[in-house]
Amino acid sequence: MNPSTRPNSASDTLENNDIVIRTENVSIFYGAFQAVRNVFLDVPKNNVVALIGPSGCGKSTLLRCYNRLNDLIPGARVEGKIAYQGVDLYDPKIDPVEVRRRIGMVFQKANPFPKSIYENVAFGARINGFKGNMDELVERSLRGSALWDEVKDKLKESGLSLSGGQQQRLCIARTIAIEPEVILMDEPCSALDPISTLRVEDLMHELKKQFTIIIVTHNMQQASRVADMTAFFNAEATEGGSRFGYLVEYDKTYNIFNAPKQQATQDYVSGRFG
Amino acid sequence: MTSLTTAPAETLIDSSTKFQPERQINQIFRWLTIALAVCVGLVLLWITYSLLLIALPAIRTFGLGFLTNSTWNPVEEIYGVFPQIYGTILSSFLALLFAVPLGVGVAVFLTENFLPPKILTPIAFIMELLAAIPSVVYGLWGIFVFLPAIRPILQGINRAFGWIPFFSTTPGGRHLFGASLVLAIMILPTIVAISRDTMSSLPPQLRQGSYGLGATRWETITRVLVPAGLSGIIGSVMLALGRALGETMALAMLVGNANNANISWFSPASTIASLIANQFGEASGLQKSSLFYGALILMVLTLLVNILAQMVVSRFQQVE
Ligand SMILES: Nc1ncnc2c1ncn2[C@@H]1O[C@H](COP(=O)(O)OP(=O)(O)OP(=O)(O)O)[C@@H](O)[C@H]1O
Ligand SMILES: [Mg+2]
C-alpha cells in the first residue's frame, strides 16, 4: 500500500466525537533519518488507544512526540501537526514543560525517584506549586493506582524498596498526581508478572473514566483487553536500506483484531508476522 | 588406545600434569599478586610502627596537650600543634567552600548537555590537566602571580569589611586565605571528575521520569539528579578533603608559616604538613619526635576522612 494515503480513519464513525489529540500527517526524524512517516491518528477523549506493531516501527517515537519528550533527543524533529484540544503542540509559543504537565507519561521500565514513596507521588505536585492538601493528594493518587493498601504503612520508605510491579503502579500514581488530561504509557507492563499486569490493566479501565490513555504494547491480548481503539504500525524498508514506520490501520479494537481491512494487520494480529 | 575419537577419561587427570604455559603463567601471577599485597601491607605496618615509635617520646612528654598547645619552642623544648591543626582544618574547609559549589556546578554542566560536545570535550580535558600540575608549580605560581594579583581585592575587602573578624587583618604577601584559594583550584579536578562520573552514571530513565512530569531542566537537576547522586558527590568531596588536608608543598610556600591561630583569614598561618616540611631538616631529639607526633595526627585525620569517603561511596554503589 502507499503509506502516504490516509488510512481508514475510524474517528468519523465514532459516537464520541470529542477528539483530544489530532495527529495530522506527522513525520518524525532523527537527524536525516525518517523514523515515522505521514501518520494520521485522532485520539478520542476518555478512550484507551493502543499502538501496536513490530519492533522499530516508531511507536515509542510517536508517543514521545505527544508530550514533546523528543525535544530532549538531539536531532529529533517533527513535521506535520499534532494538535492537543485544537492547539498545535509544536507552535513556537508553546512551553514544552507545560505540555508535559497536561500530558503525563509512564515508561516501560518503572523509574521511581530515589526518594520516599510519599515524595515520589508529591514530586510533580510540588514542582507545579500545588497549594492544596498534599497528604490527601498522595492518598488519592495511590488509591487511584491501586497501590494505597500495600504502601499506606510505609510511605516514608524508599520508592526503590518496592517490587517491580508496585514500582510501576507508583509511577502511575506519580503521573495521576499531576492531574494530567492524557496519560501516555510505553509498554507499562512489559517488565511485570501476569498478576501485576492484570492489576495495571484493571487500573486502565478505571483511569479512562477520568483520563485519555495512549498505550504502546507488544501484547495483543492486552491491546484487545484494554483498548477501545487500536492503531497498527508497520515498518518498511526504503530504497536506501533504512526503515521507516507508518500507520497501516487505525480502527476500533474489535475491528482490528477480528475484521482488519489490511492484509498486513491480519498477518500481524494472527501472529503470522515475521 | 581403545578409541581414536574420544580420549578416555583418565587423560583428563593426565592433562593437569602436562606442561601448560597458560596455567603456569596464571600461577606465577597469582603468587606475584599475593607477594605484592603482602609487601604493601608490610610497608604500611612499617610506616605506622615507626611513626608511633619515634613519636612516642613526644606523646609521653606532651600527651593530648600537644593538640591544644600553641608553642613551638625548640630552645625550651616545648611543642604543641594547635595552630597547625587549626590551619590545616581551616584551609581545607575554605578550599572546600570554594571548590564544592564550583566543582559540582561544572560536573552538572558537563553532564547535562548544556553545551555541544565540541566545547565539552576540551573543558573536560582542561579539568584533567589541572590535576596533573605538580603542586610545587601551583606554589610558585601562587606566590609570584596569583597572590599579588588578588592582593588589591583582599585589601579592599579588609577596608570595607574589616569589622568582620575573618577579614580583620591587612593581607600581606602570604596568608591562609590565598593558600586556600590555590588549594581550591588543586582539589577542583577531584570533585569534578568523581561528581561527573556519578551524574553521568545515573539512569537516563530518572531524567525522563522527571521531565515527563513537567519538571524544568533546573528542577530536574536540583530536585532529582543531584539528590540521586548525592552520596557520590559527598564521596568526591571527602576524597578532595583528604587531599587538601595532606597537601604540603603549595601550602608550605603560600600559607606564611606563622605559628599562630589567628581568627583572621588574611593573616599568615601554618598547617601540619607545612610545619613538617619546614622543620624536618634541622630537627632532632624531642623536636623530631614532635614532628612525628604531628605526622601521626595528620595521618589519623586523613585516614578518618578516607574511611568516611569509602563508606559513603560504597553506600552509593549499593543503591546502583
Ligand atoms: N534516540 C534516537 N536516536 C536515533 N534514532 C532513534 C532514537 N530512538 C529511536 N530511534 C530509531 O527510530 C526507529 C523507531 O524506534 P522506536 O523506539 O520508536 O521503535 P518502537 O516501535 O518503539 O520499537 P520497540 O517496539 O522495540 O520499542 C528505530 O529505527 C530506531 O532506531
Ligand atoms: Mg518502544
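Select Arg101(A) and Glu219(B) to begin: their side chains form a salt bridge, 3.6 Å from N to O. The model is predicted, and the distances in this tour are computed from it.

Stay at this boundary. The rule finds 1 salt bridge across the interface of chain B and chain A, and 3 residue pairs there are in polar contact, both residues at pLDDT 80 or more.

Next, select α7 (204-212) and α8 (217-228) of chain B. These are the elements that give two or more residues to the side of chain B that touches chain A. The largest share of that side, 7 residues, comes from α7(B). By type, the residues on this side of chain B are 8 nonpolar, 7 polar and 2 charged.

Now show both chains together. In contact are 17 residues of chain B and 24 residues of chain A. The size of an interface is often given as the accessible area lost when the parts come together. Between chain B and chain A the buried area is about 1,700 Å², and carbon and sulfur atoms give 69% of it.

For the last stop, go to helix α5 of chain B, residues 135-161, and select Ser135(B), which lies in that helix. Is Ser135(B) buried or exposed? Ser135(B) has a relative accessible area of 18%, so it counts as buried, the cut-off being under 20%.

Show the surroundings of Ser135(B). Leaving out residues up to four places away in sequence, Ser135(B) touches Met186(B), Glu247(B), Met249(B) and Ala250(B). With Glu247(B) there is also a polar contact, side chain to side chain, at 3.2 Å from Ser135(B).

Technical notes. Residues numbered from 1 in each chain as written. Chains lettered and ligands numbered in written order. Predicted model: local features only at pLDDT ≥ 70, side-chain atom pairs only at ≥ 80, totals over all residues. Heavy atoms only, no water. Helix = DSSP H or I, 4+ residues; strand = E, 2+ residues; numbered from the N terminus. Buried < 20%, exposed > 50% of the residue type's maximum accessible area, 1.4 Å probe, protein only. Polar contact = N/O pair within 3.5 Å; in protein donor to acceptor, adjacent residues only side chain to side chain. Contact = heavy atoms within 4.5 Å. Buried area = accessible area lost by both parts, 1.4 Å probe. Salt bridge = Lys/Arg side-chain N within 4 Å of Asp/Glu carboxyl O. Nonpolar A, V, L, I, M, F, W, Y, C, P; charged D, E, K, R; others polar.
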